[in-house]
Amino acid sequence: MAARSIQKLDQAVVNRIAAGEVIQRPANALKEMIENCLDAQATSIQITVKSGGLKLMQIQDNGTGIRKEDMEIVCERFTTSKLRQFEDLSNIATYGFRGEALASISHVAHVTITTKTEDSKCAYKGSYADGKLKAPVKPCAGNKGTQIAVEDLFYNMVTRRRVLRNASEEHNKIVEVVSRYAIHNAGVAFTLKKQGESSADVKTLQSASTLDNIRIIYGPAVAREVLEMETENSKLAFKLRGFISNANYSVKKCIFLLFINHRLVESSSLRKAIESVYATYLPKGTHPFLYLSLEISPNNVDVNVHPTKQEVHFLHEEAIIEDIQQSIEQKLLGCNFSRTYFTQALLPSAPIPVTEVTQKSSEASCAGTASATVYAHQMVRTDDRAQKLEAFLPRMKAQSAEKMETDKPLTGSENTEPSTSAKNQTDEPMEIDDADKPSTSTSSRGPPTDHGPKEARHSTTSGQSSRKGRRGGQGHHYREVRLTSVLSIQQKIEDNTHQGLREVFHHHTFIGLINAEHALVQHQTKLFLLNTVKLSRELFYQLVIFDFGNFGIMRLSTPASIYDLAMLALDSEESGWTEEDGPKEQLAQYVLQLLQSKAEMLADYFSLQIDKEGNLCTIPLLLDDYIPALEKLPMFVLRLATEVEWDTETECFQTFARECGLFYGIHKSIHLEEKDSKDKEEKESSASTSQASMPSYKWKWTIEHVIYPAFRAVLLPPKSFAQNASILQIANLPDLYKVFERC
């Protein structure tokens with residue numbers, strides 16, 4: 001095959017090829033024209049596009065304009081007012097410098113330029129094709145500045161036009177370019193709109209700051225989560241300013257606005273370096289918002305790298321990137337101590353109590369009529385008896401209403417009577433005072449007191465008197481307690497109360513049980529998951545402290561030997577007994593002797609009676625209609641001897657109350673599922689004396705109708721409950737509505 005001859009291309013072909021390198025899509029052409037406007041010192045730039053810029057791109061500014069004498073060559077290649085010789089590139093301070101932008105556009109589109117300088121009497125208009133004027137320049141009316149209209153872009157490049165046929169995508173590219181230049185050029189008003197539409201896609205004011213423009217373009221969610229950056233390094237000869245998002249904000253795609261010497265460019269190495277810093281602070285798969293303006297000495301920057309001028313090279317690139325990376329990391333470390341969550345505030349109006357909303361909703365439900373419009377913040381469960389969690393379980397739907405009657409617990413009234421210390425009281429309340437206690441030499445009555453003189457031990461009882469009748473329904477006279485140790489514990493509980501959680505417990509609506517450990521409740525528009533085990537332990541601990549000396553009693557049908565109970569506890573794995581602790585018989589005898597020595601105090605203060613033979617006869621009744629899991633009684637007796645601090649008064653009462661909370665509280669091992677008749681018959685035929693046998697009443701009923709009403713009435717949740725997962729918010733109706741609206 002013969003070799004082909006080499007020929008010089010026609011100048012029109014050369015220009016069209018070069019134009020395709022500079023102008024790759026409408027956004028590239030618009031970027032070049034925006035930079036020309038900024039070089040002309042414009043303070044207002046208005047842009048109108050049609051079909052993503054393929055049919056029309058019109059840009060108008062109020063800059064210096066173009067002289068009439070220059071109109072003839074303005075669209076020719078390598079004609080510019082910003083560069084005179086090659087050496088000027090080392091100190092270039094303008095966007096344009098090659099004189100190729102308008103020339104390239106004129107080779108792939110129809111261009112019309114209307115311009116007027118400040119000293120000109122009128123404006124001049126010219127039309128261009130392939131870098132040449134189609135006809136002589138004509139005078140016309142016009143404002144100071146320049147207007148350039150680019151029509152039918154790529155009309156003579158069919159392949160390129162087919163590739164760019166998605167007008168919507170091209171328009172989004174244009175919006176992105178205009179937005180970035182608007183943010184960087186605070187003090188210049190930008191307006192971008194589609195032809196024929198009144199609303200603007202981008203609109204910034206001349207008086208707006210950089211942060212204002214970020215808020216206008218990207219929204220307040222970004223603007224309130226950005227940190228201002230400023231750093232300088234004289235050795236590397238660069239300055240950096242901008243805004244970066246903090247650890248509260250993240251998006252799925254990185255938003256990175258980078259300007260080097262006021263030129264919009266890209267730098268993959270800088271992007272990767274910064275994102276590696278944010279990887280420590282943001283969730284996996286999320287990215288930050290970044291706007292950085294980097295000013296480097298012009299002598300160290302090479303802007304003549306690519307026809308589109310999107311890439312630049314500069315000296316000491318690795319060192320500068322490392323310095324920027326460290327500055328951003330230091331900035332993020334300074335704001336990493338907390339995170340801020342914003343909630344929507346209600347419009348000013350009269351406060352609506354939760355009880356009022358609940359009452360209105362309940363009345364409307366009972367009447368069977370449609371209620372008035374209920375807003376999201378008012379939507380709460382109105383009546384838990386109407387529709388509970390169990391209603392959605394297939395097994396429960398088949399149960400009849402009479403099931404609730406059979407599930408009611410034993411009240412324990414047959415085994416309950418006032419404590420012996422309160423039986424034969426007159427109508428006047430009895431006081432427990434420091435002076436009424438036995439002397440410290442009587443070891444059988446309790447711990448020694450070391451509070452000092454009696455006068456100093458007396459304190460006010462306003463806090464205690466406000467807690468009278470805490471259990472309710474006991475039917476015996478209240479003994480006022482003036483023990484300084486007890487009052488100090490009560491005051492500590494009240495001071496440590498979390499008021500927000502107290503409000504939740506006081507006005508909650510019970511939804512249903514998940515298992516013995518967890519239950520669901522609702523407060524206003526929020527759904528909470530409660531740890532019944534932890535909460536019940538705290539409840540009974542507080543009942544012991546606030547009802548000190550005023551307990552009813554539950555009498556065991558057959559007194560239980562403390563020695564035998566201790567042996568049963570030591571035989572269980574829960575006790576943690578090892579051979580190093582000594583023989584079990586000796587330990588059980590120690591438990592018996594210790595508790596017998598404290599029998600008088602235990603009976604007087606805690607209604608826990610031990611007879612002379614060493615048998616446990618009664619335990620305190622802390623809550624009406626509630627009997628603890630008696631299979632835990634052996635361990636309770638053992639822990640009273642080993643875990644209670646008997647030598648110090650305050651710690652004695654406090655640790656005793658904690659052990660009561662552990663014994664009386666709900667246990668994870670409780671089996672809540674109801675058995676059918678066959679299971680009951682099999683259980684009755686089996687060994688009824690098994691230690692794992694349950695009380696005769698239903699625990700599910702007890703938790704719902706006894707424990708949770710007590711939470712509502714008397715529990716003072718400590719502040720630690722807000723951090724230890726005792727109560728967790730798992731849903732919020734207004735937020736759920738937003739999710740459903742998006743779906």
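**Note on helix packing and selected loop residues**

1. L633, F636, R639 and L640 in α21 meet F656, E659, C660, L662 and F663 in α22. By class, this α21–α22 contact has 7 nonpolar, no polar and 2 charged residues. Contact means heavy atoms within 4.5 Å. Nonpolar covers Ala, Val, Leu, Ile, Met, Phe, Trp, Tyr, Cys and Pro; charged covers Asp, Glu, Lys and Arg; the others, Gly among them, are polar.

2. This is a predicted model, in which local features need pLDDT of at least 70 and side-chain atom pairs count only at pLDDT 80 or more, while totals for chains, interfaces and linings use all residues. Residues are numbered from 1 along each chain as its sequence is written, and side-chain values use heavy atoms, with hydrogens and water left out.

3. The protein has 25 helices and 25 strands. These are DSSP runs numbered from the N terminus: H or I of at least four residues for helices, E of at least two for strands. Of the 743 residues, 45% are buried. Buried means under 20% relative accessible area, exposed over 50%, partly exposed in between (1.4 Å probe, protein chains only). Take the contacts between residues at least 6 apart in sequence: 72% of them join residues at least 24 apart.

4. How do the axes of α21 and α22 cross? Helix α21 spans residues 633–642 and helix α22 spans 649–664; their axes come within 10 Å and cross at roughly 165 degrees. The two helices are therefore roughly antiparallel. Axes are lines fitted to C-alpha atoms, for helices over the stretch in contact, and angles run from 0 to 180 degrees between N-to-C directions. Under 35 degrees counts as roughly parallel, over 145 as roughly antiparallel, 65 to 115 as roughly perpendicular and the rest as oblique. The crossing of α21 with α22 is right-handed. Right-handed means that the near helix is turned clockwise from the far one by less than a right angle; left-handed means anticlockwise.

5. Helix α21 also meets α18 (residues 562–571), with axes that come within 8 Å and cross at roughly 100 degrees. That makes the pair roughly perpendicular. On the α18 side the contact uses I562, L565, L568, A569 and L570; on the α21 side it uses L633, P634, M635, V637 and L638.

6. Helix α2 (residues 26–39) packs on α5. Their axes come within 9 Å and cross at roughly 25 degrees. So α2 and α5 are roughly parallel to each other. Their crossing is right-handed. P26, A27, L30, K31, I34, E35 and L38 of α2 meet E170, K173, I174, V177, V178 and Y181 of α5. This contact has 9 nonpolar, no polar and 4 charged residues.

7. V544 sits in helix α17. V544 is buried, at 1% relative accessibility. Beyond its neighbours within four places in sequence, V544 contacts F551, F606, L622, A657 and C660. V544 and F656 are 112 residues apart in sequence, yet their C-alpha atoms are 8.7 Å apart.

8. N550 lies in the loop between α17 (532–546) and β23 (552–561). Is N550 buried or exposed? N550 is buried, with a relative accessible area of 4%. A polar atom of its side chain lies 2.6 Å from the backbone nitrogen of R479. A polar contact is a pair of N or O atoms within 3.5 Å; within protein, one must be able to donate a hydrogen and the other to accept it, and residues adjacent in sequence count only if both atoms are side-chain atoms. D604 is 54 residues from N550 along the chain, and their C-alpha atoms are separated by 9.1 Å.

9. N185 is in the loop between α5 (167–184) and β8 (189–194). N185 is buried, with a relative accessible area of 13%. Its side chain reaches the backbone oxygen of Y181 at 2.8 Å. Y181 is one of the α5 residues that meet α2.

10. Two backbone angles deserve a check. Most residues other than glycine have a negative phi. Q41 has a positive phi, near 65 degrees. Q41 is in the loop between α2 and β1 (44–50), and counts as exposed at 64% relative accessibility. N261 also has a positive phi, near 55 degrees. N261 lies in the loop between β12 (255–260) and β13 (263–264), and is partly exposed, with a relative accessible area of 26%.
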